[in-house]
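Welcome, and thanks for taking a look at this one with me. Please open the sequence and the structure below, and we will walk through them together.

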Amino acid sequence: MVSIPEPVARMIKHPDTHKVLTTVSPDGLPHAIVCASLDMDGSDTIVVAEVYMHRTCENLKSNPNAEFLVWQGKMGYSLKAKATGRFTEGVPFDKMSAAMDKFNMAVVAVWEFQVTDIWDESATKTSGDKVI
């Protein structure tokens with residue numbers, strides 16, 4: 001697993017960042033969702049609230065590999081990750097539930113992901129470069 005560098009972490013945590021989570025179905029089809037609840041738990045762990053994630057959850061149960069795309073303006077990053085847990089209680093769950101309460105959304109669970117590598121997806125000459 002890799003530690004998420006500060007510019008990427010800052011983008012993940014920023015409320016105005018666009019965030020997408022992509023999984024793969026058992027028959028190999030990609031499935032992408034808007035992922036506003038994306039947050040970090042440590043320097044190499046991403047957490048996501050399970051809210052209206054029916055197909056995404058089924059996909060993660062059969063294939064834990066996922067990709068997150070985050071961007072603001074011309075700057076963007078792709079984070080390859082692997083689902084490592086699903087929690088229905090504990091500190092990450094309580095923290096995420098409190099955050100999602102502000103949007104009147106009930107959290108069913110919190111998914112945890114370990115980041116494996118990060119790619120630059122910016123609209124610049126560094127696009128396509130591996131960050132880590």
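Which residues of H3 are buried? They are Phe93, Met96, Ser97 and Met100, where buried means under 20% relative accessible area, exposed means over 50% and partly exposed lies in between (1.4 Å probe, protein chains only).

## Ground rules

This is a predicted model, in which local features need pLDDT of at least 70 and side-chain atom pairs count only at pLDDT 80 or more, while totals for chains, interfaces and linings use all residues. Residues are numbered from 1 along each chain as its sequence is written, and side-chain values use heavy atoms, with hydrogens and water left out. Helices (H or I, at least four residues) and strands (E, at least two) are DSSP runs, numbered from the N terminus.

Seen down the axis of H3, its buried residues fall within an arc of 105°, so they line one face of the helix; the arc is that of the directions from the helix axis to the C-beta atoms. Val91 and Lys95 are exposed on the other side of H3. The cover over the buried residues of H3 includes E3, E4, E6 and E7, with contact taken as heavy atoms within 4.5 Å. As background, an α-helix has 3.6 residues a turn, so residues three or four places apart point the same way.

H1 has Val8, Ala9, Met11 and Ile12 as buried residues. Viewed down the axis of H1, these fall within an arc of 160°, so they line one face of the helix. Among the elements that cover them are E1, E3, E5, E6 and E7.

In H2 (residues 54-62), the buried residues are Thr56, Cys57, Asn59 and Leu60. They cover an arc of only 160° around the axis, which puts them on the same side of H2. The face of H2 turned away from that buried side carries the exposed residues His54, Arg55 and Lys61. Strands E1 (18-24), E2 (30-34), E4 (45-50), E5 (65-72), E6 (75-87) and E7 (109-120) are included in what covers the buried residues of H2.

## The largest pocket

How big is the volume of the largest pocket? It is about 680 Å³. Of the 29 residues that line this pocket, Ala36, Ser37, Leu38, Met96 and Met100 are the closest to its centre. On a 1 Å grid over the protein atoms alone, a cavity is a set of points where a 1.4 Å probe fits but cannot get out, whereas a pocket is an open set with protein on both sides within 12 Å along at least five of seven lines; lining residues have an atom within 4 Å of a point. Grid points are joined across faces, edges and corners, and the volume is the space filled by probe spheres set on the points.

The elements that give two or more residues to the lining are H1 (6-13), E2, E3 (39-40), E4 and H3. H3 provides the largest share, 6 residues. By class, the lining divides into 21 nonpolar, 2 polar and 6 charged residues, with Ala, Val, Leu, Ile, Met, Phe, Trp, Tyr, Cys and Pro counted as nonpolar, Asp, Glu, Lys and Arg as charged, and the others, Gly among them, as polar.

## An aromatic pair and a buried valine

How many aromatic pairs does a search of the whole structure find? It finds 1. Rings of Phe, Tyr and Trp (its six-membered ring) pair if their centres lie within 6.5 Å; planes under 30 degrees apart count as stacked, over 60 as edge-to-face and the rest as tilted.

Val70 also lies in strand E5, and Val70 is buried, with a relative accessible area of 0%. Not counting residues up to four places away in sequence, Val70 touches several residues, including Met11, Ile12, Leu38 and Leu79.

## Loops with positive phi

Tyr52, in the loop between E4 and H2, has a positive phi of about 55° although it is not a glycine. Tyr52 is exposed, with a relative accessible area of 66%. Asn104 also has a positive phi of about 55° without being a glycine, and lies in the loop between H3 (91-101) and E7. Asn104 is exposed at 73% relative accessible area.
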